[in-house]
Amino acid sequence: MTRALINAAKTARRGEVIEIKAMIAHKMETGYRLGPNGQPIPRDIIHRFACTYGGVEVFAAELFPAMSANPFIAFTTVATESGTIEFAWTADDGTVERAAVEITVT
């Protein structure tokens with residue numbers, strides 16, 4: 001399993017804009033580099049990131065080989081209700097890494 005770091009407010013007031021920062025440890029191999037044997041290193045990137053809040057997608061991004069290793073994404077959303085903010089990173093091979101944080105809205 002890949003390691004994900006999430007930084008989001010644990011509490012917020014209803015209607016408050018909150019910043020969410022997410023990073024996943026991933027090598028993001030482009031497929032363009034050659035290995036020590038002179039052969040191309042196979043492409044292995046995260047191509048989609050999505051965030052849902054209360055079951056509704058609030059942010060999504062399509063990533064490309066130019067994205068650096070350990071992709072870091074920051075965005076904002078409005079605190080509407082207490083619940084779970086879920087994150088999903090989808091790799092080229094179809095694997096999906098997930099993480100989630102809880103938020104309490106007053």
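1. Glu19 is partly exposed, at 45% relative accessibility; that class lies between buried (under 20% relative accessible area) and exposed (over 50%), with a 1.4 Å probe and protein chains only. Its partner in a salt bridge is Lys21, with the closest N and O atoms 3.9 Å apart. The term here means a side-chain nitrogen of Lys or Arg within 4 Å of a carboxyl oxygen of Asp or Glu. Lys21 counts as partly exposed too, at 31% relative accessibility.

2. A word on the basis of these values. This is a predicted model, in which local features need pLDDT of at least 70 and side-chain atom pairs count only at pLDDT 80 or more, while totals for chains, interfaces and linings use all residues. Residues are numbered from 1 along each chain as its sequence is written, and side-chain values use heavy atoms, leaving out hydrogens and water.

3. Next, please look at Glu29 and Arg33, whose side chains form a salt bridge at 2.8 Å, N to O. Glu29 is buried, with a relative accessible area of 8%. Arg33, by contrast, is partly exposed at 48% relative accessibility.

4. Arg48 and Glu57 make another salt bridge, with 2.9 Å from N to O. Arg48 has 33% relative accessibility and counts as partly exposed. Glu57 is also partly exposed, its relative accessible area being 44%.

5. How many salt bridges does the rule give? The count comes to 5, and the pairs described above are among them, including Glu29 with Arg33.
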